[in-house]
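Please look through the sequence and the structure shown here, and then follow the report below, which starts from one side chain and widens to its surroundings.

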Amino acid sequence: MFHTLKTMEQIQQIYLNSLGITFYWEKEEGIIPSRIQVIFKEIGLFFTIAELKDFNYLIDESIAKNSCCENCSLKNANCKFLLKTPLYPLDLSVSMDELKEIKDLVNGTLFKIQMEIYFNGEGKN
């Protein structure tokens with residue numbers, strides 16, 4: 001179901017959009033399904049599934065907190081907002097456009113992971 005890309009090490013792509021990519025690292029034993037590499041802009045984050053779900057919540061929180069400028073035409077591309085991460089000492093400065101793309105990246109990744117869990121578990125005949 002996932003596409004495999006070749007790099008210095010093997011990776012198994014989970015999701016890709018215009019801002020970034022998520023994937024599993026592959027080792028000799030196979031993929032490492034308990035950790036997801038998330039790369040966007042020049043940032044790489046290595047999350048567990050629980051941390052990725054926490055990050056999704058933090059993204060929603062940031063979108064809600066910063067939606068007060070809805071009428072500002074410069075908000076989406078020019079203004080920067082603070083995006084907290086599950087990695088306590090690390091916060092990111094992103095535009096609303098970037099925040100929406102990060103949201104898509106995380107949602108798409110979580111959806112694909114849930115589909116894989118379903119197809120390989122209870123949905124398997």
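## A side chain and a backbone oxygen

In this predicted model, the side chain of serine 62 reaches the backbone oxygen of leucine 82 at a distance of 3.2 Å. Serine 62 lies in helix α1, and, leaving aside residues up to four places away in sequence, serine 62 touches Leu82, Leu83 and Leu99. Because its relative accessible area is 6%, which is under 20%, serine 62 counts as buried.

## The strands on one side

Together β7 and β8 form a hairpin, with 6 residues between the strands. Leucine 83, one of the residues that serine 62 touches, has leucine 92 of β8 as its bridge partner.

## The packing of two helices

Two packed helices are described by the angle between their axes and by the distance between those axes. Helix α1 spans residues 49–65 and helix α2 spans residues 96–120, and their axes come within 10 Å and cross at roughly 145 degrees. The crossing in which α1 passes α2 is left-handed.

On the α1 side, the residues that make this contact include Ile49, Leu52, Phe55, Ile59, Ser62 and Ile63, while those of α2 include Met96, Leu99, Ile102, Val106, Leu110 and Ile113. Sorted by class, the contact of α1 with α2 has 11 nonpolar, 5 polar and 3 charged residues.

How values were computed. Residues are numbered from 1 along each chain as its sequence is written. This is a predicted model: local features need pLDDT of at least 70, side-chain atom pairs count only at pLDDT 80 or more; totals for chains, interfaces and linings use all residues. Side-chain values use heavy atoms; hydrogens and water are left out. Axes are lines fitted to C-alpha atoms, for helices over the stretch in contact, and angles run from 0 to 180 degrees between N-to-C directions. Helices (H or I, at least four residues) and strands (E, at least two) are DSSP runs, numbered from the N terminus. A crossing is left-handed if the near helix is turned anticlockwise from the far one by less than a right angle, and right-handed if clockwise. Contact means heavy atoms within 4.5 Å. Ala, Val, Leu, Ile, Met, Phe, Trp, Tyr, Cys and Pro count as nonpolar, Asp, Glu, Lys and Arg as charged, and the others, Gly among them, as polar. Buried means under 20% relative accessible area, exposed over 50%, partly exposed in between (1.4 Å probe, protein chains only). A polar contact is a pair of N or O atoms within 3.5 Å; within protein, one must be able to donate a hydrogen and the other to accept it, and residues adjacent in sequence count only if both atoms are side-chain atoms. Two strands pair if DSSP finds at least two bridges between them.
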